[in-house]
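Okay, everyone, thanks for coming. Let me put the structure up on the screen, and then we'll walk through a couple of spots together.

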Amino acid sequence: MDDDFRPKTTAEHLLWLLHQHGVEHLFLNPGTDSAPLQEAAAALTAARVGIPRVIPCTFESVALAAAHGYWQVTGRPQCVFVHVDVGTQNLGAMMHNALRDRAGVVVIAGKTPYGEEPDSPGGRSHVIHWQQDVPDQAGIVRGYAKWTLEVTRPGMLARAVGRAVQVARGGIPGPAYLMVSRDVLMDPPDDRLGRTAGYAVPRPPAADQETALLIAELLAGAERPLLITAKTGRREDGFAAVTRLADLTGTRVLDTPESGCVSIATSHPMRVRSAATARHLVQKADVILVADCDVPWIPRFARPREDATIVHIDADPLRADMPLRAFPADVAVAADGAVVLAQVAELLPECDPSAKWADLTDEPGAPAGVPEGPIAAGEVVEALNTVLRDDDIVIQEAVTNADTLHEILRRTLPATVRGTGSPGLGWGLGGAVGIKLASPDRRVVAVVGDGSFMFAVPTAALCLAAEADAPILAVVLNNDGYRASRLPVFELFPDGVSAAQGDAVGTRFRRPPDLAAVARACHAHGETVDERVDLVPALRRALKSLEAGRSAVVDVRIAPN
């Protein structure tokens, strides 16, 4: 039917264009401005014209997190439709995450109608059409969107949509923000459908041969080489390149806990597991490669030695989007980390990997003992190791327990740990739904804190999972409060009243919600675990629910601290 397609409205043209550009899902949070799109979706579906799958979302931030998660797996931008300025504002911290994680997503926002006359199709018909007419709607996201544009006439639509998808995907990916009013959506479309080909995106950039050879020689000649990465291992080629480099050169690999990524198998002898060992290696390394990592170390706690040679590999090693970022670098390479590391591996001169770090002994782990008292976060991770398959995908938004997850969780396959590596809490559940949509044959398990669970608008996220037929499991590390906001008080005021009391104002919940009951209210399986003997059985029941097509939440009451 698409060959004979002739849209009746600009809204129909828009849906057709999105489909032609490979957008598979439209996460819709409807409002008065989306009516033309809703009718267009019904009409084109009835006419068997291909359009993106429209998935209703009850909150905008969850929709954007899902589109972001889908992007992480596929590298294909998906579309989120939000209601004018207020819907844009509800995208909230997920726009921050999309910027920092370089997620290619297309956000389309309605714009208050222009027409006022009775015969103006799609014109103003509600009080809000004046109230939502703000001077700079795009300004809400301008600091976080890679590109913004308003479609003001039907004739520019094809170029605008093509450009939005191209910009979102290409170069350094990021969110594209497009606005269109409903009276424009109701206009008759341009006579020409417009081209949908020719919007090429650049291939991942490589290093020049001389620079790649220089890095290879530095690694081969180093006594204590260290690779610090956050996101290189998200792709299979990056995981393979990091592993090969470690095998050939004896380079220790630190994939930062906050990154939500495993760049080398957790069982690999070259992987750095503990935060204490990581700080020690940063201070001792003579060559440090930083690849695809926003913050390789925190100077307050660890700094490289003065004579260390530091190589920084990133699509934008200058990171001009961070106004005050000044990590030292002797060699800066504007290129894709996975591509450069593969280049370097091919150029390596012979070296003895066993001779590297010959004088280093990793710090021993804590002695094993019979656990007492409340369940510890580490015990939850060990229980996950018991029940997870190798190809299950774990979403990491554990916040202050990220180090514990990083040290204990066993993952041997690429792309089996995901997260944003960004500070906007609440991504985990919606992101998990998007990842499940992109990985329908895999089990997706989000490990989140109780604070990040609530930030995620769980009712909206679980509703989205049900509507999208994308069930997820959320394992909540529940310590009854915001530990991430409590620890800085203790850090800055170690002798203060808060530290003496072991508490900080505004970080404990006196009447916390029953998270398992929230899950059940959303037609998901929900359990609360207070005893360690019940932990593994509860996780098994939750996974069984997942396999039956029903989301699940396991709320584990861990030691408060």
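So, is D514 buried, exposed, or something in between? The relative accessible area of D514 is 41%. Buried would be under 20% and exposed would be over 50%, so D514 counts as partly exposed. Keep in mind that what you're looking at is a predicted model.

Now zoom in on the side chain of D514. One backbone nitrogen it reaches belongs to A516, at 3.2 Å. The D514 side chain also gets to the backbone nitrogen of A517, at 3.1 Å. And if you skip the neighbours within four places in sequence, what does D514 touch? The answer is R520 and T528.

Okay, next stop: the second largest pocket. Its volume is about 1100 Å³, and 38 residues line it. Nearest the centre of that pocket you'll find W71, R102, P173, R235 and D336.

Which helix gives the most to this lining? That's helix 3, with 4 residues. Helix 3 covers 60-74, and helix 12, covering 337-347, also supplies at least two lining residues.

And what kinds of residues line the second largest pocket? There are 16 charged ones, 15 nonpolar ones and 7 polar ones.

That's my tour, thanks!

Note on methods: Residues are numbered from 1 along each chain as its sequence is written. This is a predicted model: local features need pLDDT of at least 70, side-chain atom pairs count only at pLDDT 80 or more; totals for chains, interfaces and linings use all residues. Side-chain values use heavy atoms; hydrogens and water are left out. Buried means under 20% relative accessible area, exposed over 50%, partly exposed in between (1.4 Å probe, protein chains only). Contact means heavy atoms within 4.5 Å. A polar contact is a pair of N or O atoms within 3.5 Å; within protein, one must be able to donate a hydrogen and the other to accept it, and residues adjacent in sequence count only if both atoms are side-chain atoms. On a 1 Å grid over the protein atoms alone, a cavity is a set of points where a 1.4 Å probe fits but cannot get out, and a pocket is an open set with protein on both sides within 12 Å along at least five of seven lines; lining residues have an atom within 4 Å of a point. Grid points are joined across faces, edges and corners, and a volume is the space filled by probe spheres set on the points. Ala, Val, Leu, Ile, Met, Phe, Trp, Tyr, Cys and Pro count as nonpolar, Asp, Glu, Lys and Arg as charged, and the others, Gly among them, as polar.
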